[in-house]
Amino acid sequence: MRDNPFLETDRAIVGDGYTSFEALDNLTILCDDFGSRFGGTEGEKQAADFMAEKLEHYGLQNVHLEPFDYLGWRRGPAELEVLEPVQRTLACISLPHSPAGEVKAELFDAGDGAPVTFEEGSSGMAGKIVMASSETFPAGSKSWVHRSEKFGRSLLNSARAFIFMNHYPAYGPATGGVGRGGRAAPIPAISVSNEDGSFLRRLLKRHGAVTLRIKTTDVNEPMVSWNVIGDLPGSEHPQELVMLGSHYDGHDISQGAQDPASGAAAVLEAARLLAAHASPLPCTLRFALWGVEEIGLFGSKAYVDAHSDELDEIRFYLNMDGAGAVTNKGLVINEWGALETLAKTWQRGIAYPFEIGQSVNAHSDHYPFLLRGIPTGGIESVPSSTSGRGYGHTRHDTLDKVELRELQDAAVLASLLAIRLASVPPERWPVTRRSPEEVGALLDRPEYRETAEVQRKISAFYKSQAE
Ligand SMILES: [Zn+2]
């Protein structure tokens, strides 16, 4: 049945959203004025203050910065030298949370990093420098095998250092954190371009053995960052919260324009549109711009820890990490069947097509909420994209890659969803927070089990190294 009780509000939001430059103007300032906004840079705090000012200006209430402590990281120069069978110096960068260190050892080519390559005890990696590419769906795997899993499996196989090789040609090296649970990596981890990685592979194939020297000079040290929070208070059930959020820190080697700034700009724009045309809604809308996601989801983790007595009040968290750069934008729900049924009724009522998907992954700011049992989802690609990050996490993730229309799509879709999420009367809201046992059962489903198990082992390894 086509029934849209929010038609007038939708029209106002769509009309304003698709005729405003605001989202692109904000994105331009975030990228060109504040740079990477990486944890510990000057632009990080400037960006946080800027976004808080914008939220105030749009009419949000209780706008403030929430500081939190975390283990930060400062990049130092890194060296990669081929010692045998030829002598060559290759360009490389450290991966965030790599320690400073120097390793001389033989190269082990772990290919695209398929889990089967890491069969424990028999892999032949022990004592070597393991190289794996950033291929997202390695041969034989049905789900995304994340960098942290490839790195972690190398650790479990007693590797002495790790090389991450970009699977895309011509993008240079890709970055990405290798810390875990607030701890730095136990061994040096660097990244090389596809071309240099291919060169190393060829050498190894032709000569049977390649000896490398890796030197890293990075610093891991305590730092402070900030989450930016602002509310549009609800009129009937102000204690019930619908949250929209994206991190704002990019990696230090880039502007992080697609990931995450296009998402942060879309959150700001949704805040502007909802404040102007839909406020107040029955429930409170809370907007969050998270600090330091890239090297460990630190901001969102700090939030759920600091607000643990209010988590029952969060009816839904909508994650918008990089949402302005996602193709085929839809609503991905993190395995809540009853919310899919509800969203389908909205889908039928709005003449604004969007797809709905269901999945779970651990790699953005929805995850700390998910682990606490809170219903979560995000503006993501439906069906999910399988090719990888593209320019993401390279120095080429720059402002010129993002289109105004894409930002508008993300902000408008998020706004239309937020109106509906915040308007369901409490007695008709179809889900309640999962218990810790229910969260455990979700992650123990066959499709998530292997990843969850190896992640537990890797975390235990980091802990054992720290003791
Ligand atoms: Zn991101």
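Biologist: Which residues coordinate the zinc ion?

Modeller: Start from the donor atoms. This is a predicted model. The zinc ion is held by His-247 through NE2, by Asp-259 through OD, and by Asp-321 through two OD entries. The distances run from 2.0 to 2.4 Å.

Biologist: Why is the arrangement around the zinc ion irregular?

Modeller: Check the angles. Four donors count as tetrahedral if all angles lie between 85 and 135 degrees. Here the four donor atoms subtend angles of 57 to 142 degrees, so the arrangement is irregular.

Biologist: How are the donor residues of the zinc ion spaced in sequence?

Modeller: The pattern is H-x11-D-x61-D.

Biologist: Is Asp-259 buried or exposed? And is Asp-321 buried or exposed?

Modeller: Compare each value with the cut-off: buried means under 20% relative accessible area. Asp-259 has 17% relative accessibility, so Asp-259 counts as buried. Asp-321 has 19%, so Asp-321 is buried.

Biologist: Now the charged pairs. How many salt bridges does a search of the whole structure find?

Modeller: The search finds 24. One of them joins the side chains of Glu-79 and Arg-213, at 2.7 Å from N to O. Glu-79 is in strand S2 (residues 79-84) and Arg-213 in strand S9 (residues 211-216), so this pair ties together parts 134 residues apart in sequence. Glu-79 is partly exposed at 38% relative accessibility. Arg-213 is buried at 16%.

Biologist: Which residues are linked with Glu-79 and Arg-213 in a network of salt bridges?

Modeller: Glu-81 and Glu-102 belong to that network.

Biologist: Which residue forms a salt bridge with Arg-315?

Modeller: Glu-240 does, with the closest N and O atoms 3.0 Å apart. Arg-315 lies in strand S13 and Glu-240 in strand S11 (residues 237-247), so the pair ties together parts 75 residues apart in sequence. Arg-315 is buried, with a relative accessible area of 3%. Glu-240 is buried too, at 18%.

Biologist: Where do Arg-286 and Glu-310 lie?

Modeller: Their side chains meet in a salt bridge, 3.6 Å from N to O. Arg-286 is in strand S12 (residues 283-290), and Glu-310 is in the loop between helix H7 (298-306) and S13. Arg-286 is buried at 11% relative accessibility. Glu-310 is partly exposed at 25%.

Note on methods
Residues are numbered from 1 along each chain as its sequence is written. This is a predicted model: local features need pLDDT of at least 70, side-chain atom pairs count only at pLDDT 80 or more; totals for chains, interfaces and linings use all residues. Side-chain values use heavy atoms; hydrogens and water are left out. Donors are N, O and S atoms within 2.8 Å of the metal (3.2 Å for Na, K and Ca); water is not among the atoms, so sites may look incomplete. Four donors count as tetrahedral if all angles lie between 85 and 135 degrees; four count as square planar and six as octahedral if opposite donors are over 155 degrees apart and all others between 65 and 115; anything else is irregular. Buried means under 20% relative accessible area, exposed over 50%, partly exposed in between (1.4 Å probe, protein chains only). A salt bridge is a side-chain nitrogen of Lys or Arg within 4 Å of a carboxyl oxygen of Asp or Glu. Helices (H or I, at least four residues) and strands (E, at least two) are DSSP runs, numbered from the N terminus.
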